Amino acid sequence: MEHKDFTTYYPSVAAILLVLFFLSSRFLDVERFPNEPPYITSSIPYFGHAIGLFLNKIPYYNKVNAKYNYPAFTLAMPAGKVYVVSSPDVAREVQRHSKTLSFPWIEAIFGVSVAGLSKEGAALVFNNVQGEGGEHGIFFDGLKLMINILKPGVALDEMNKTMLESVSDTMSEFDEGPISEDIDLWAWIKHMMILAATDAIYGPGNPFKDPQLEKDMWHISDNVSSLLIGILPMVFARKSHLVHRRVTQAFENFYRHGKEETSSTMTQGRYNDTKGTMSLNDIARLDVAQGITVFSNTVPSGFWTLYHVLSKPDVLSLVRSEAMKHLHTEEFNGKIQRMLDVKGIRSSTILESVLKESLRHQALEMGTRMVVEDVVIGGANPFLLKKDCFVMLPNQPMHFNEKAWGPNVREFDPLRFTKSGGSHQGVAFRGFGGGANLCGGRFFASTEILFIVSMCALRYDMKPVGGIWNNPSPDHNVMSSVVTPPLKKTIVRMKSRKGIEDGNWGFRL
Ligand code: HEM
């Protein structure tokens with residue numbers, strides 16, 4: 001029998017591919033409706049945008065936006081269509097329709113998938129997600145409780161106190177020698193912030209005191225997408241699946257041994273609202289999902305704020321002089337006590353502005369909404385958004401929109417968010433999201449970050465090994481947060497600053 005070389009078939013293979021290409025662009029396309037945001041076609045029909053997203057992650061939306069510069073546009077993909085909003089004016093309209101363009105539905109879907117809840121557990125979470133069917137629902141009540149407790153008040157002060165004590169303990173490890181060894185800034189801040197935040201949430205029985213469990217939770221947080229895909233997790237996400245099981249078991253033990261009794265009002269409240277209704281296994285799984293909320297955004301925000309402060313001499317001296325105003329030095333039993341007034345640093349508009357400006361530069365991923373019913377959103381160009389589609393609000397085009405921020409949009413201006421920083425379009429700042437779903441944990445997270453940054457600025461000289469601060473770049477592969485961790489390492493050495501190296505350091509709340 002004659003064996004033909006494969007090249008003989010090239011013309012026919014090419015012809016078949018060409019026909020498939022045109023057929024797919026005609027028949028595989030999603031249904032289109034008049035007045036939807038303009039569709040962006042891809043050179044590879046149907047799969048092109050999905051491939052683009054897979055290869056570029058969230059920056060793919062920014063790439064498309066930079067090319068077309070539409071206030072909103074539509075991308076058709078195999079899983080359905082996605083509306084991308086890139087202008088602050090349209091983002092404001094999205095926020096105005098917070099019930100029909102729902103964030104709680106996104107949180108519930110994400111929570112159920114990442115937690116890997118049982119069918120019964122998932123049904124409880126999906127029942128009355130945003131209060132549409134009455135006063136109560138596991139998810140609805142849980143979110144309300146969390147947001148209430150995390151508002152400024154007694155319960156938040158209690159959590160802040162535990163968190164600040166934990167941070168102070170970790171920092172005092174550097175009081176020993178005149179100069180530290182090489183420190184991986186990300187690894188250092190990651191452990192310090194997570195231990196402190198989870199001590200505040202779970203109290204003395206905090207499962208994340210176990211270094212293995214902390215490592216496990218980081219693995220889950222950094223590999224969320226593998227759990228979200230959900231296809232044969234034991235095959236395609238084996239490590240995440242096994243690690244998830246270990247963290248879940250630790251939380252089952254936490255509740256089984258009554259350790260929630262010495263935890264925060266938030267953890268106690270959530271446990272009391274779910275026990276008896278949900279299985280212990282599902283309750284423990286929800287803690288894994290909550291862990292992602294706490295781990296994923298807070299620590300990178302802390303890292304990047306510290307990085308921007310340390311690497312810019314003018315910002316560092318501004319932060320030092322501002323924090324110094326809230327440092328009280330006293331003598332007690334012949335020993336100097338240096339107490340940082342936390343309420344003072346939290347009321348400083350300058351420190352708040354440095355944090356927000358850091359988030360403007362680094363909170364570059366996106367917000368998401370689910371279209372619960374067909375809706376026309378207003379504004380200069382009304383758009384129809386269809387039920388069951390997703391709305392993506394990538395932060396980068398809003399955070400670097402010249403119309404919203406002025407001609408110095410690309411600069412790091414530490415005073416941008418103070419009165420002297422001039423005016424800007426408030427809705428364009430997406431660091432903590434916006435509208436009805438503004439981040440509930442922002443007071444807690446900001447206190448932790450500003451305390452760490454102020455303490456580091458006041459107490460230490462921190463210098464990069466090699467003498468030059470090289471921006472470690474955001475790691476866009478981590479898709480669980482709006483602020484991503486650094487891609488590269490930043491190695492520093494720290495030593496106590498001359499003149500204030502003696503005495504005990506503490507805080508007042
Ligand atoms: C600096 C750290 C943090 C950042 C940058 C951040 C950012 C965000 C963002 C962007 C949203 C979505 C809002 C939207 O799309 O409009 C959000 C929602 C939320 N965050 Fe945070 N977050 C942080 C820390 C935390 C912490 C530590 C907690 C809890 C302990 C928390 C609890 C929440 C809650 C409950 C919501 C949902 C609010 C709602 O649906 O009404 N966040 N956060």
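I began with the shell around the ligand, and H15 gives the most to it, with five residues. I am working with a predicted model, where local features need pLDDT of at least 70, side-chain atom pairs count only at pLDDT 80 or more, and totals for chains, interfaces and linings use all residues. My residue numbers start from 1 along each chain as its sequence is written. The helix and strand labels are DSSP runs numbered from the N terminus, with helices being H or I of at least four residues and strands being E of at least two.

**Ligand shell.** Which residues come nearest to the ligand? I found 26 residues around the ligand, and Asn 297, Gly 433, Cys 439, Gly 440 and Gly 441 come nearest. The elements that give two or more residues to this shell are helix H5 (104-115), helix H7 (138-149), helix H15 (280-311) and helix H21 (442-459). A residue is near the molecule here if its C-beta atom, placed from the backbone, lies within 6 Å of it. I then sorted the shell by residue type and got 14 nonpolar, 11 polar and one charged. In that sorting, Ala, Val, Leu, Ile, Met, Phe, Trp, Tyr, Cys and Pro count as nonpolar, Asp, Glu, Lys and Arg as charged, and the others, Gly among them, as polar.

I checked the UniProt record next, and its unreviewed entry lists Cys 439 for "binding site". Cys 439 sits in the loop between helix H20 (402-405) and H21. The rule I used is buried for 20 or more other C-beta atoms within 10 Å of a residue's own, exposed for 12 or fewer, and partly exposed in between, with C-beta atoms placed from the backbone. Leaving aside neighbours within four places in sequence, Cys 439 is in contact with Phe 432 and Gly 433. Contact means that the two C-beta atoms, placed from the backbone, lie within 7 Å.

**H21.** I looked at how covered this helix is, and 15 of its 18 residues are buried. I also checked its length: at 1.5 Å a residue, H21 should span 26 Å, and its end C-alpha atoms are 25 Å apart, which agrees. The expected span is 1.5 Å times one less than the number of residues.

I traced three strands in an open antiparallel sheet, in the order S4-S12-S11. Strand S4 (183-184) and strand S11 (460-464) are the edge strands, each pairing on one side only. S4 pairs with strand S12 (residues 491-496) over two bridges, and strands pair if DSSP finds at least two bridges between them. I noted that Ile 183 has Val 492 as its bridge partner in S12.

**Positive phi.** I found a phi near 55 degrees at Asn 69, a positive value in a residue other than glycine. Asn 69 belongs to the loop between helix H3 (59-68) and strand S1 (72-77), and Asn 69 counts as exposed because it has 11 C-beta neighbours inside 10 Å.

Note on methods. UniProt positions are given in the numbering used here, feature names are shortened, and annotations may be inferred rather than shown by experiment.
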